[in-house]
Amino acid sequence: MGGRDTDLILLDENGIRCDGRKIDEPRKIMIKAGVLKNANGSAYIEFGDNKILAGVFGPRDVHPKHLANTDTGILRCRYHMSPFSVEERKRPAPSRREIEISKVIKEALKPAVMLEQFPRTVVDIFIEVLQADGGSRCAALAAASVALADAGIPMRDMVSACAAGKVADTIVLDVNNEEDQAGQADMPVGYMPNMEKITLIQLDGVLTPEEYKKCVETAVAGCKLVYEIQKKALTDKYFSNGENN
Amino acid sequence: MGNVSIIDQLKGQKIHDLLEQGKRVDGRSFDEPRQLTIETGVIPKAEGSARVHLGDTEVVTGVKVQLDRPFPDRGDNGIFICTAEILPLAHPDAEPGPPGEDVIELARVVDRGIRESGMVDLTQLVLEKDKTVIGIFADCSILDHAGNLFDACSYATTAALLTTKIPKWEMQDDVPVKVEGQESDAPITTIPASVTMGRIGEHIIVDPNADEWFCLDARITITTNSDGNICALQKGGKDGFTIEQLVKCGETSISIGAKIRETLKESKGAGQ
């Protein structure tokens, strides 16, 4: 990302970032499970200024039929950004970026979902980014994971997600939009906290081998924070003395 | 997709059993890439080109250079765009038509490795800020698919860029005019080298071949630059990695990438 010229002070002398956070502090995160009527499972997340909905349908019949697998269920995922979700209107048709993100989110969730219990079926995950901020793929993954659990689909683990990055030569947790634009590296990570496995990892930007290790560890620590919020979203829905359901 | 044939199942089992004994199907060691051969200048009409064999995988990348409008938020930068296509003659399962998610991911990973390394100094490709810039378009055609297209396309694109000649344009009465007979090397700052590793069970292998490719649990592509730093990374496949495995993959990508980089450098001299 080359550290573009900017007047923005990314990290001040007290180690405070441009939005007032400390280097190991994530943005404000709120997750709510079961927000849609028709979907079998759903979740809404606010992650900084990201506002994202995830809906899950299935396991259900596969259309077109030739995609069905007799050995296992299949997972499909669509990550889509609303045209009004960004500064300049985004054309509604899926971009190459959205197709790639759909694929990496699908592959991040696949290890967690026990698809082998549902041969010949599909689980469809639809993610709609209503408002986008930096780190939307991590927020989308965290919401999709809660939506799958909300749908009652058997899972080995939750998939949590959080990014880390390099800003002003420092490894920081949860890169926001300004930091992504002006910073030096961005590394989104998806992580299964109980199986201790990284199921999504990408990197844009230059890191030394030491920074790389630190960045992975920082992102995983962030994932563990997000995991607690994901669990709370589910307990709030299912164990709140029958208030919601 | 799915519905794996009995032969593929047996092959997968064999590959797995061999790995348990510390061997690979084609006799390579775990961190040994296949034979890499690079031929440059293979398409004289393109401003840069390279044909790469990585084992039995074969890719041609051609680079075209032409004027374009800059991206709205990057008015002081030239354009670099990389695409890929698995030609229908490359594999029985390849079909003509718009690219699927696998091919889009492939092109974006190759693009990201080169872009994030800063290989081409795009600030030197501006004719008129916010209006006219030089665009570098690298298109990878996969001719034979025998596993690990990521590295084959990445090496072909890098080798093609190393030999790319940029024509000279001048502004005359607010119109860009090409100056015939004058060209310069592309503004290259570093040589990125990607290394793709696959995980099968607990084993991590560098540059999986066709048979290995189709039974990977997970894969990771890590690109390093000439300084030996990591500049891009992409995980794929149906399962994940532990932190320890990722750190190990990072180290492997640096050491193997350094050797690949030497081959890429040599290819430049050989093509001229």
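In which strand of chain A is A:P59 placed? The model is predicted, and in it A:P59 belongs to strand β3, which covers residues 50-61 of chain A. The peptide bond between A:G58 and A:P59 is cis, with an omega of about 0°.

The peptide bond that runs from A:H63 to A:P64 is cis, and its omega is near -5°. Whereas A:P59 sits in strand β3, A:P64 is found in the loop between β3 and β4, the latter strand being residues 74-81 of chain A.

B:N148 is not a glycine, yet its phi is positive, at about 50°. This residue is located in the loop that lies between β6 (132-144) and α3 (149-162) of chain B. Is B:N148 buried or exposed? A residue is called buried if 20 or more other C-beta atoms lie within 10 Å of its own. B:N148 has 28 other C-beta atoms within 10 Å, and therefore it is buried.

B:D173 also calls for a look at phi. Its phi is near 50°, a positive value, and B:D173 too is a residue other than glycine. In chain B, the loop between β7 (165-172) and β8 (175-185) holds B:D173. Why does B:D173 count as exposed? B:D173 counts as exposed because it has 5 C-beta neighbours inside 10 Å.

Key: Residues numbered from 1 in each chain as written. Chains lettered and ligands numbered in written order. Predicted model: local features only at pLDDT ≥ 70, side-chain atom pairs only at ≥ 80, totals over all residues. Helix = DSSP H or I, 4+ residues; strand = E, 2+ residues; numbered from the N terminus. Buried ≥ 20, exposed ≤ 12 C-beta atoms within 10 Å, placed from the backbone.
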